[in-house]
Amino acid sequence: MIWGIVYLVSLLAVFIQVLRIGERETCFAILTLVAGSVLTFVSLIIANSRFDVFSLLVTTLDFVVLAVFLGHALVSRRYWTLCLPAFQLLTCMTHVMKFVLPDLWPRLYSAGQGFWAYPQMLVILLAAMWVRADAGARRGEDGAADSPGHEGGISASGE
């Protein structure tokens with residue numbers, strides 16, 4: 001139960017921060033992750049299941065999220081989007097492993113399902129922070145280029 005609360009708090013914090021930064025690609029990625037998480041919870045309620053038991057509905061949902069992340073990565077011009085389908089594929093492989101090996105330890109299966117969402121959140125958060133820092137640096141360069149006495153080139157002192 002505590003890990004579910006930790007996950008929800010982490011997801012909410014990253015969600016708020018990424019939406020506050022407002023970059024289009026990171027917003028799409030975090031909205032996909034949030035929608036997948038909410039729909040996973042709903043599908044567990046509908047199937048009357050738990051995370052440690054194989055559920056075809058949860059498996060199908062994870063493969064749909066994989067397809068969305070893969071489509072996003074294929075049309076994006078940014079490299080960080082390639083990490084998201086890779087991590088989601090690992091999550092999907094835990095479902096395949098549980099299907100092939102039904103005697104797999106339930107805690108190992110549930111940990112494998114939930115773990116890879118944390119690196120996904122981290123990648124999305126770092127990408128949003130990178131975009132914000134890059135935009136700030138570009139504004140700083142534009143301001144410096146407009147200041148008097150700056151010729152736009154590198155001076156002899158290396159500044």
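This is a predicted model: local features need pLDDT of at least 70, side-chain atom pairs count only at pLDDT 80 or more; totals for chains, interfaces and linings use all residues.
**Overall fold**

The protein is built from six helices and has zero strands. Along the sequence, its elements follow the pattern α-α-α-α-α-α. Of its 159 residues, 35% count as buried.

Helix α1 has 20 residues, and from its first C-alpha to its last it reaches 29 Å, close to the 28 Å expected at 1.5 Å a residue. Its buried residues are Y7, L11, V14, V18 and I21. Viewed down the axis of α1, these buried residues fall within an arc of 95 degrees, so they line one face of the helix. The face of α1 turned away from the buried side carries the exposed residues I2, L8, V9, L12, I16 and R20. After α1 comes G22, whose phi is positive, near 80 degrees.

Helix α3 also has 20 residues and reaches 29 Å between its first and last C-alpha, close to the 28 Å expected at 1.5 Å a residue. The buried residues of α3 are V58, T59, L61, D62, V65, L66, F69, H72 and A73. Seen down the axis of α3, they fall within an arc of 160 degrees and therefore line one face of the helix. Exposed residues on the other side of α3 are L56, L74 and V75.

The spacing of such positions can be related to helix geometry: an α-helix has 3.6 residues a turn, so residues three or four places apart point the same way.

**Salt bridges**

Side chains of opposite charge can pair when their charged atoms come close. The structure holds three salt bridges, which are set out in the table.

| Salt bridge | Closest N and O atoms |
|---|---|
| R78 with E23 | 3.7 Å |
| E25 with R24 | 3.9 Å |
| R138 with D134 | 3.0 Å |

The salt bridge of R78 with E23 links distant parts of the chain, 55 residues apart: R78 is in the loop between α3 (56-75) and α4, and E23 is in the loop between α1 (2-21) and α2 (24-47). R78 is partly exposed, with a relative accessible area of 38%, whereas E23 is buried, with a relative accessible area of 11%.

E25 counts as buried at 8% relative accessibility, while R24 is exposed, with a relative accessible area of 67%.

R138 and D134 both lie in helix α6 (residues 117-146), where they are four residues apart, about one turn of the helix. D134 counts as partly exposed, at 32% relative accessibility.

**Aromatic pairs**

A pair of aromatic rings is described by the distance of the centres and the angle of the planes. The structure holds three aromatic pairs. One of them is formed by Y7 and Y118, which are edge-to-face, with 5.7 Å centre to centre and 90 degrees between the planes. Because Y7 lies in helix α1 and Y118 in helix α6, the pair ties together parts that are 111 residues apart in sequence. Y7 counts as buried at 17% relative accessibility, and Y118 is partly exposed, with a relative accessible area of 29%.

The rings of F115 and W116 have their centres 4.8 Å apart and their planes at 80 degrees, so this pair is edge-to-face. F115 counts as partly exposed at 43% relative accessibility, and W116 counts as partly exposed at 23%. Together with F87, the residues F115 and W116 form one aromatic cluster.

**Nonpolar surface patch**

A nonpolar surface patch of about 720 Å² is made by F63, L89, M93, V96, M97, F99, V100 and L101. Helix α4 (residues 83-100) contributes the largest share of the patch, six residues. L101 is placed in the loop between α4 and α5 (106-115).

Definitions and conventions
Residues are numbered from 1 along each chain as its sequence is written. Side-chain values use heavy atoms; hydrogens and water are left out. Patches are made of residues with over 30% relative accessible area and no salt bridge: like charges are joined within 9 Å, nonpolar side chains (Val, Leu, Ile, Met, Phe, Trp, Tyr) within 5 Å. Accessible areas come from the Shrake-Rupley method with a 1.4 Å probe; for residues, only the protein chains shown count as cover. A salt bridge is a side-chain nitrogen of Lys or Arg within 4 Å of a carboxyl oxygen of Asp or Glu. Helices (H or I, at least four residues) and strands (E, at least two) are DSSP runs, numbered from the N terminus. Buried means under 20% relative accessible area, exposed over 50%, partly exposed in between (1.4 Å probe, protein chains only). Rings of Phe, Tyr and Trp (its six-membered ring) pair if their centres lie within 6.5 Å; planes under 30 degrees apart count as stacked, over 60 as edge-to-face and the rest as tilted. The expected span of a helix is 1.5 Å times one less than its number of residues. The arc is that of the directions from the helix axis to the C-beta atoms.
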